[in-house]
Amino acid sequence: MVFVGVHGEWGRIDATQADLGCGQDRESIYKVKPPAPLTCYECEWRLHLVHRTHGAYDLWFLRHAKNAPHCGARLAGEGMAHHLLKLDLAHHVRAAGWSAEYEVAAPDGSWRADVMATSPDGTRRVALEAQMSAISITDIETRTTRYAAAGVEVCWFTDRKTVPWLDNVPCAQIARPDDGAVQVTAGPARFEPEWCRDRADCDWSSGYVDGALPCGGHGEWSDVHSFPLARFVAAICANTIRPHRLRVPSWKRDETIWRWISRRYFELEEEQVRAMAWRKQVGERLAAIQQRQREARAAAEREHMAAIEALLQRQKALVKPVVEFVFREAGAYPMVGRDGIPEFAMGVPVHVRGKPYAVICPVASRVPALRGRLAPLVLFAASERERSRIAAQAAPGQRIEVLEPEPSKEPPPTVPRQPQQGGLTVREAVNRMFGLDRM
């Protein structure tokens with residue numbers, strides 16, 4: 001069962017058209033004797049015109065004569081469902097004002113379209129393929145690529161319920177009800193946008209940064225309800241829908257897929273794609289700033305701990321020199337505390353005859369709050385630099401002695417250096433990111 005053949009005098013004929021596509025009458029070749037000179041374009045075997053009715057369809061087609069050889073055209077056209085779908089596609093194309101031809105082949109034989117739809121001005125060609133039999137994803141993608149290389153658009157149609165390639169190429173799934181027109185049940189899609197009320201502060205947690213991020217959009221693609229095949233084909237011809245690889249994946253699937261969409265839905269998706277990119281950009285910048293802040297805090301904490309360790313080492317190294325100094329000056333052995341305490345600005349207290357007499361290495365920043373208490377006491381420092389820091393915070397005239405620390409057998413603590421911030425403070429980096437440095 002095929003639609004197209006070759007007449008010995010008229011050339012190519014289309015059995016589905018009343019004028020055979022060449023201005024001739026079907027009756028002139030239907031059941032005539034001698035038989036009309038009709039042959040197959042593929043195998044050149046003799047054909048004859050057949051007339052049948054199938055439900056609401058008045059069918060005219062060509063059939064190979066007996067004992068025909070293996071023929072690709074005959075195999076491509078076999079099956080009533082395949083035959084009827086090609087008729088429907090051609091009919092809807094012509095109703096849209098375009099021309100439709102069956103079994104149009106590439107000059108090099110790399111493809112053959114079931115129905116080739118051509119715009120009135122010839123600038124667009126769309127291959128409408130009735131794929132009713134099984135085919136692998138690789139094969140259908142390869143055939144689609146061949147059409148694209150020839151500048152031919154393509155849409156694949158199938159009535160199969162399980163179609164593994166439905167998401168991989170521009171296609172439509174159809175259903176033929178017992179009564180009524182053929183319906184498109186899958187293939188077209190609509191985009192349903194969704195945004196946070198405040199687009200500058202997304203309600204969805206980012207999970208990797210602290211603080212607000214702009215809304216990247218929460219819209220999704222959804223399949224449309226079934227509608228008539230005639231409307232779908234007319235929309236393809238009018239160019240109001242186009243095949244598009246979706247860029248916003250649905251929560252139901254991670255990968256992007258092919259769907260037929262309108263310009264409006266493309267623009268809605270484009271708005272969300274731009275918003276997602278901006279959210280990602282802001283998030284990456286904010287994450288980098290917060291990472292630098294964490295690194296700075298960690299470095300400051302390490303530096304603080306190293307300073308404490310250095311203080312403990314200085315206090316420990318001054319215990320013996322301080323005991324000797326106080327004994328010579330007070331004439332009695334002093335009692336030295338074990339650790340620095342807040343009441344003496346984290347310095348180690350030294351008592352003589354039960355009364356405070358001196359403090360070993362108090363922390364300069366804690367001295368101002370304790371000036372009155374520390375003023376009568378002797379403050380000991382391990383270097384001139386430390387003495388200067390303490391003197392700057394102590395009461396006027398405060399007595400501060402510098403003693404040579406006892407040599408330590410332990411290596412001095414290492415004070416880590418804070419990493420460079422690229423010449424910018426955290427505040428400056430934040431201002432630069434949001435453009436506040438230009439205001």
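**View A. Q315 is buried, at 4% relative accessible area.** Buried means under 20% relative accessible area, exposed over 50% and partly exposed in between, with a 1.4 Å probe and protein chains only. This is a predicted model: local features need pLDDT of at least 70, side-chain atom pairs count only at pLDDT 80 or more, and totals for chains, interfaces and linings use all residues. Residues are numbered from 1 along each chain as its sequence is written, and side-chain values use heavy atoms, without hydrogens and water. Q315 sits in helix α5 (residues 263–330). Helices (H or I, at least four residues) and strands (E, at least two) are DSSP runs, numbered from the N terminus. Leaving out residues up to four places away in sequence, Q315 touches G340, M346, G347, V348, I360 and C361; contact means heavy atoms within 4.5 Å.

**View B. D223 lies in strand β13 (residues 220–223).** D223 is partly exposed, at 42% relative accessibility. Beyond neighbours within four places in sequence, D223 contacts P188, A189 and R259. The C-alpha atoms of D223 and A186 are 6.6 Å apart, across 37 residues of chain.

**View C. F325 and F380 form an edge-to-face aromatic pair.** Ring centres of Phe, Tyr or Trp (its six-membered ring) must lie within 6.5 Å; planes under 30 degrees apart are stacked, over 60 edge-to-face, the rest tilted. Here the centres are 5.4 Å apart, with 80 degrees between planes. F325 belongs to helix α5 and F380 to strand β20 (residues 378–381), 55 residues apart. Both F325 and F380 are buried.
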